[in-house]
Amino acid sequence: MTQTQEQIRETPLETVDLRHEFADLGIGAVLDQLDSELIGLKPVKTRIREIASLLLVERIRQKMALATTFPTLHMSFTGNPGTGKTTVALRMAGILHRLGFVRRGHVISVTRDDLVGQYIGHTAPKTKEILKKAMGGVLFIDEAYYLYRPENERDYGQEAIEILLQVMEQQREDLVVILAGYGDRMEKFFQSNPGFRSRIAHHIDFPDYSDAELLWIAELMLQQQNYRFSPEAREAFIRYIAARKVQPLFSNARSIRNALDRIRLRQANRIVAKLDRTLSADDVMSIEAGDVLASRVFTKGAGAAGEGR
Amino acid sequence: MRMTQGCFSFLPDLTDEQIAAQVQYCLDKGWAVNIEFTDDPHPRNTYWEMWGLPMFDLRDAAGIMKELADCRRVYGDRYVRISGFDSSHGWESVRISFIVNRPREEPGFRLDRQESVGRNIRYSTHAYAATRPEGERYADQ
């Protein structure tokens, strides 16, 4: 990369063909893939589009021998459970790699346990070890707010935070840190660690999915597993989403995935109940209304606890 | 006298970019990269002190270069080498080892001849630096 940069710098250009540059980087393909594979998530896609555009402009500026600075890419993903924070973070490494912002494009996914030690002097080596592994890629810290425990002043989380901040500042070219967590708790976390907030350039809030988007997600999941709804089952599932949404502990796409898992169980049970027949591929693929309607979500009213069976 | 041990030791000292490129080569091969240091230059001194732990599961040389910088800050007056350990079946040994840091002055070796029984001669090499206690061998530079 550095070599090509130098080669480019030797001959500053006056004009650059934007379309050619765009095609050259393969940005279009990355964005199209994102649009087709991730449903909803407008703010996320907008931000990735912006980052991609920035890269393009930086490349062009380089070719024109104008000053370029490496952008800060550390991100914070906040949002309700099941809104795709982890999925996008894992995807982000690949995107940044293809756009040329990180060298290797691997993701190291960690939580508090991987960073914070159990006794004095244990935390720093542990955190540094993880940071070394993440170099050249993305460090994804899930449930990042657990790092800071204000109720225990001897907590080693603060030590991990300080090391993280130092590396995030000094080795911006070497790794991208992505924090993820639920909105309100992350807000508290940033309030008590203002240094973190200012070092993160991209604060992205993941919105909840609409009913239509959830149905779309469900159909995509089924399609990937070679299942499909019958028209009646689809109608039933639309009602299921509406009913499940008002019940407590609803976690967006994760609840949908769990519901589908249970629907598949019931479908399997229904098929196995009648042994004396021959099955077609169509039979084992299709999910009937009964498989959906047997869910406890329909029998319990709003306010019933937990994941409905 | 310039100590020659391991790969590249007859070449001029590697620059940091060259070291990083070699390290990246090791990582791409899946080897665990280690940093070791010593102040005893004797060729039979094979077990050097390790700087930290072996670095398994790294993907990019930047992490090792950071450790190397830290090691140089503490032991800049000693020999530092980087080795790549291949843990795959059948190898299970160090595949590459090269010096990345050396003291500014290397006093070299003295050859001792000892007359033993008959007309036999025993030879031994003695590093001038090793006459001083460990830790102080290159300290006054």
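Helix axes are lines fitted to C-alpha atoms over the stretch in contact, and the angles between their N-to-C directions run from 0 to 180 degrees. In this predicted model, the axes of helix α3 (residues 27–37) and helix α4 (residues 42–63) of chain A cross at roughly 175°. Chain B contains an open sheet formed by four strands, and helices α1 and α2 of chain B each lie across β1, β3 and β4 of that chain.

**Helix pair in chain A**

- The axes of α3(A) and α4(A) come within 11 Å.
- Angles over 145 degrees count as roughly antiparallel, and α3(A) and α4(A) are therefore roughly antiparallel to each other.
- On the α3(A) side, the contact involves Ile27(A), Leu31(A), Leu34(A) and Asp35(A); these meet Lys45(A), Ile48(A), Arg49(A), Ala52(A) and Leu56(A) of α4(A).
- Classified by residue type, this contact between α3(A) and α4(A) has six nonpolar and three charged residues, with no polar ones.

**Sheet in chain B**

- The strand order is β2-β1-β3-β4 in chain B, with antiparallel pairing.
- Strands β2 (49–50) and β4 (93–101) of chain B form the edges, each pairing on one side only.
- Seven bridges join strand β3 (residues 79–86) of chain B to β4(B) in the antiparallel sense.
- Gly84(B) is placed opposite Ile96(B), a residue of β4(B).

**Helices across the sheet in chain B**

- Helix α1 (residues 16–28) of chain B, lying across β1 (32–38), β3 and β4, runs at about 165° to β4(B).
- Helix α2 (residues 61–75) of chain B runs at about 5° to β1(B).

Conventions: Residues are numbered from 1 along each chain as its sequence is written. Chains are lettered from A and ligands numbered from 1 in the order in which they are written. This is a predicted model: local features need pLDDT of at least 70, side-chain atom pairs count only at pLDDT 80 or more; totals for chains, interfaces and linings use all residues. Side-chain values use heavy atoms; hydrogens and water are left out. Helices (H or I, at least four residues) and strands (E, at least two) are DSSP runs, numbered from the N terminus. Angles under 35 degrees count as roughly parallel, over 145 as roughly antiparallel, 65 to 115 as roughly perpendicular and the rest as oblique. Contact means heavy atoms within 4.5 Å. Ala, Val, Leu, Ile, Met, Phe, Trp, Tyr, Cys and Pro count as nonpolar, Asp, Glu, Lys and Arg as charged, and the others, Gly among them, as polar. Two strands pair if DSSP finds at least two bridges between them.
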